[in-house]
Amino acid sequence: MSTSGTKMIAQNRKARFNYTVVESIECGIELKGTEVKSVKAGNISFPDAFAEISNGEVWIKQMHISEYSYSSVFNHNPNRPKKLLLHRDEIKRLNRKVEEKGVTLIPLDFYLKNGRVKVNLGLCRGKKQYDKRADIRERDVQRDMQRDFRKGLNG
């Protein structure tokens, strides 16, 4: 995300651990004014969030955007479903893939792109327990190799 005009707001690391990302797609999100301000402030939580396709529209559910602290009576409902902005052809293609067994839509990242809030939506397949253990083992091996490499340079 180091391109100009792009700033990372939040990542869903839990989703990358629990799911294998088959494909990802960038999409916009329909937010109210106080929600945009709250997201830009980083008050967003979505570890258990998922996307659902209904009536030709994609909705994110179980995503929490905290109320904006400087707002008065015009605040938003923090847990309301949010509509994602995708083209009709993209929604049809995603719907065909989601109908497969074990595939779901998970929001992976939220970021600002040219001042607009964008979502990186992942088409994910659940990992088995042994896959998760293998990932942990691989991460530990990489960490040990980096540590030994730094020790060799300094010592």
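1. A salt bridge here means a side-chain nitrogen of Lys or Arg within 4 Å of a carboxyl oxygen of Asp or Glu. With that in hand, look at D140 and R143, whose side chains meet in a salt bridge at 3.1 Å, N to O. Because D140 and R143 are 3 residues apart in helix α4 (residues 129-154), about one helical turn separates them. D140 is partly exposed at 31% relative accessible area, and R143 is partly exposed at 42%. For these labels, buried means under 20% relative accessible area, exposed over 50%, and partly exposed in between (1.4 Å probe, protein chains only).

2. A word on the ground rules. This is a predicted model, in which local features need pLDDT of at least 70 and side-chain atom pairs count only at pLDDT 80 or more, while totals for chains, interfaces and linings use all residues. Residues are numbered from 1 along each chain as its sequence is written, and side-chain values use heavy atoms, with hydrogens and water left out. Helices (H or I, at least four residues) and strands (E, at least two) are DSSP runs, numbered from the N terminus.

3. Back to the charges: the whole structure holds 12 salt bridges. One of them joins D48 and K14, with the closest N and O atoms 3.3 Å apart. This pair links distant parts of the chain, since D48 sits in the loop between β3 (44-45) and β4 (50-54) and K14 in helix α1 (residues 13-18), 34 residues apart. Both ends are partly exposed, D48 at 46% relative accessibility and K14 at 43%.

4. E57 and K83 also meet through their side chains in a salt bridge, at 3.1 Å from N to O. Here, too, distant parts of the chain are linked: E57 is in strand β5 and K83 in strand β7 (residues 82-85), 26 residues apart. E57 is partly exposed at 27%, as is K83 at 22%. Elsewhere, a network of salt bridges links E23, R93 and K97.

5. Strand β8 (residues 103-113) deserves a look of its own. It is mostly covered, with 9 of its 11 residues buried. Strand β1 (residues 6-11) pairs with β8 in the antiparallel sense over 5 bridges, and T6 has K113 in β8 as its bridge partner. Strand β9 (residues 116-126) runs antiparallel to β8, joined by 10 bridges, and in β9 R125 stands opposite V103. Two strands count as paired if DSSP finds at least two bridges between them.

6. Which residue in the turn of the β8 and β9 hairpin has a positive phi? N114 does, at about 55°, in a hairpin with 2 residues between its strands. N114 is exposed, with a relative accessible area of 60%. Q62 is another residue other than glycine with a positive phi, near 60°; it lies in the loop between β5 (57-61) and β6 (64-65) and is exposed at 52%.

7. In strand β9 you will also find N120, which is buried at 12% relative accessibility. Leaving aside neighbours within four places in sequence, N120 has contacts (heavy atoms within 4.5 Å) that include R16, E26, D109 and Y111.

8. Finally, the inside. A nonpolar core is a set of buried Ala, Val, Leu, Ile, Met, Phe, Trp, Tyr and Cys residues joined through side-chain atoms within 4.5 Å. The largest has 26 residues, and those with the most contacts inside it include I44, F110 and L121. Two or more residues come from each of β2 (19-29), β5, α3 (88-98), β8 and β9. Beyond its neighbours within four places in sequence, I44 is in contact with residues including I9, M63 and F110.
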